[in-house]
Amino acid sequence: MMYQSTRDASHKKYSAAEVIKMGLAPDGGLFIPETIPALTADDISTLCNDSYPVRAAKILGKFLSDYTYEELLSDCTAAYAESSFPGGAAPLVHLHDNVYSLELWHGPTAAFKDMALQIMPRLLSRALVKTGEERNALILVATSGDTGKAALEGYKDIDRIKIMVFYPVDGVSRVQKLQMATQTGNNVNVCAIHGNFDDAQTGVKKIFGDADMAKALNERGYILSSANSINWGRLAPQIVYYVSAYCDLLAGGKIKMGDLMDVCVPTGNFGNIFAAYIAKLMGLPIRHFVCASNQNNILTDFLRTGTYDRNRDFHLTMSPSMDILISSNLERLLCLSAGEERTSAYMESLKADGVYTVDADVKAAIAQNFSGYFADEQTTAETIRTYFEKHGYLADTHTAVALSCAEQYISDIADHSVPMVVASTASPYKFAADVFTSLSDGAVLPRDPLAALDQLVEATGTEIPYPLRGLGEREVRFTQTIDYKDMPIAVLDYCK
């Protein structure tokens, strides 16, 4: 299995270990597999009887052909151990009627990013060896909240790797900020920026594309790599849990082999939902994808009009991990739908003018699989309250966006017989203040963002997940805030 850039019409090939080590393609594009491996009905039947680590090893083995099955099984067993994922990874919970919640937040940072970022550091560590790399790796991360903490936790104290995380100082929740600022480990660094997530993400991409930075880091003995979903090593493990959800529906007698399911994903960067699309291309019976957005509904507009326009107001919402106007992983879908040449032109237009419009055939091809819906702040709060009161289910702000969008989609279609699997991306306690406020429709406010965790326990009878207990008592290690334009200076200072 070889890989190529979304912007390279010459189709230069790279191995899996090379693309995991590099993160971003040399031309600024993203790596995609040259072919999509098949997932047969027999494969799915076998996976139904396997544990999650075995499912992960088998599916990753179809993409990472330069890794042995024994290596992958060892890494997956360690990554998804009971100690890291109490009760098991990615449980599927029935909510009501034909709606299910795929809970992806039972890992060490209480967010879905753990599903990839517990395995990815192990894949990168092996990639350095497999490619004969003598330099150490510097992981650069731009985060809108959850990726940063999950990457820090996954990479802490890993040999031959340093990690530096940038986040918007006013664009993450209090709990998310404390999780990052109190991170332990001798090889980690965290820095806030004045700006939004798109500024952080653009800054990281510019560093990756800067030849002078590469030279300066090389002189210090480092190569750059990424833990964001632009890195295939981060995205590939996300394919697994959609296959696992289908297996659980089968094993639970909810569907028969070959029956369809729908998938709804709250997304800003488009990586999580694109992973589900890859699962469909492999052969997983998925009927349709609902792309759920918050008030920053740029993806909704794109899927409905074919025009992607980032020249719009940016909103800080109660679902900050989706406060994004540059959806990087959409480029991978464009490449599969339009080819490298047109994708490269679209990306040049986005860079120059902040907007592009896809051709009619591309829009039609995407519409066959994807629909876009969004939930504003009021709708999100109402969904949190309604699901707890009617169904006894406590959802975080991002999952609530997806639940609302799933219901909008279901009301728009005639056939309601297909199970709807909603990706639940974070524990409600990561956004306790907004969840607590939503339950009372704003009538009762939390004393402060940290007290909200205990207040949410009292109001709902649910438990604070273990990664968030005692957060306020941990030592704050990282307090630096810089202008986003100074990110390269901060990186070089860290790598003296």
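Predicted model: local features only at pLDDT ≥ 70, side-chain atom pairs only at ≥ 80, totals over all residues.
**Entry 1: strand β8**

I began with β8 and found both of its faces covered: Y222, L224 and S226 are buried on one side, I223 and S225 on the other. That makes five of the five residues of the strand (222-226) buried, so I noted β8 as largely enclosed by the rest of the structure.

I then looked up the pairing of β8. Strand β5, residues 136-142, runs parallel to β8 and is joined to it by five bridges. For L138 I found the bridge partner L224 in β8, and L224 is listed among the buried residues of that strand.

**Entry 2: the six-stranded sheet**

Next I traced an open sheet of six strands with mixed pairing; I read the order as β3-β4-β14-β9-β10-β13. The edges are β3 (92-96) and β13 (370-374); each has a single partner strand, so one side of each lacks a neighbour in the sheet. From one strand to the next I have an average twist of 25°.

Within it, V93 has S101 of β4 as its bridge partner. I also looked for a helix on this sheet: α13, residues 298-305, packs there and touches β10 (286-293) and β13. The direction of α13 makes about 140° with that of β13.

**Entry 3: two histidines in loops**

I placed H106 in the loop between β4 and α5 (114-117). Its side chain makes a polar contact with the side chain of E103, at 2.8 Å. Setting aside neighbours within four places in sequence, I listed S84, F85, P86, G88 and P91 as the contacts of H106.

H416 sits in the loop between α18 (397-412) and β14 (420-424). I noted H416 as partly exposed, at a relative accessible area of 44%. Beyond its neighbours within four places in sequence, H416 is in contact with N98 and I410. For I410 I looked up the atoms: its backbone oxygen lies 2.7 Å from a polar atom of the H416 side chain. I also took the C-alpha separation of H416 and D97, which is 9.5 Å although the two are 319 residues apart along the chain.

**Entry 4: helix α3**

I tested the length of α3 (residues 52-63). At 1.5 Å a residue its twelve residues should span 16 Å, and the end C-alpha atoms are 17 Å apart, which agrees.

I then went through burial in the helix. Nine of the twelve residues are buried, so α3 is largely enclosed by the rest of the structure. I wrote them down as Y52, P53, V54, R55, A56, A57, I59, L60 and F63.

**Entry 5: cysteines**

How many disulfides does the structure hold? I found zero. C247 is in none, and the nearest cysteine sulfur, that of C48, is 4.0 Å away. C247 is buried, with a relative accessible area of 0%.

I checked C264 in turn. C264 is in no disulfide either, and the sulfur of C405, the nearest cysteine sulfur, is 5.7 Å away. C264 counts as buried at 0% relative accessibility.

Methods. Residues numbered from 1 in each chain as written. Heavy atoms only, no water. Pairing = 2+ DSSP bridges. Helix = DSSP H or I, 4+ residues; strand = E, 2+ residues; numbered from the N terminus. Axes fitted to C-alpha atoms, helices over the stretch in contact; angles between N-to-C directions. Contact = heavy atoms within 4.5 Å. Expected span 1.5 Å × (residues − 1). Buried < 20%, exposed > 50% of the residue type's maximum accessible area, 1.4 Å probe, protein only. Disulfide = S-S within 2.5 Å. Polar contact = N/O pair within 3.5 Å; in protein donor to acceptor, adjacent residues only side chain to side chain.
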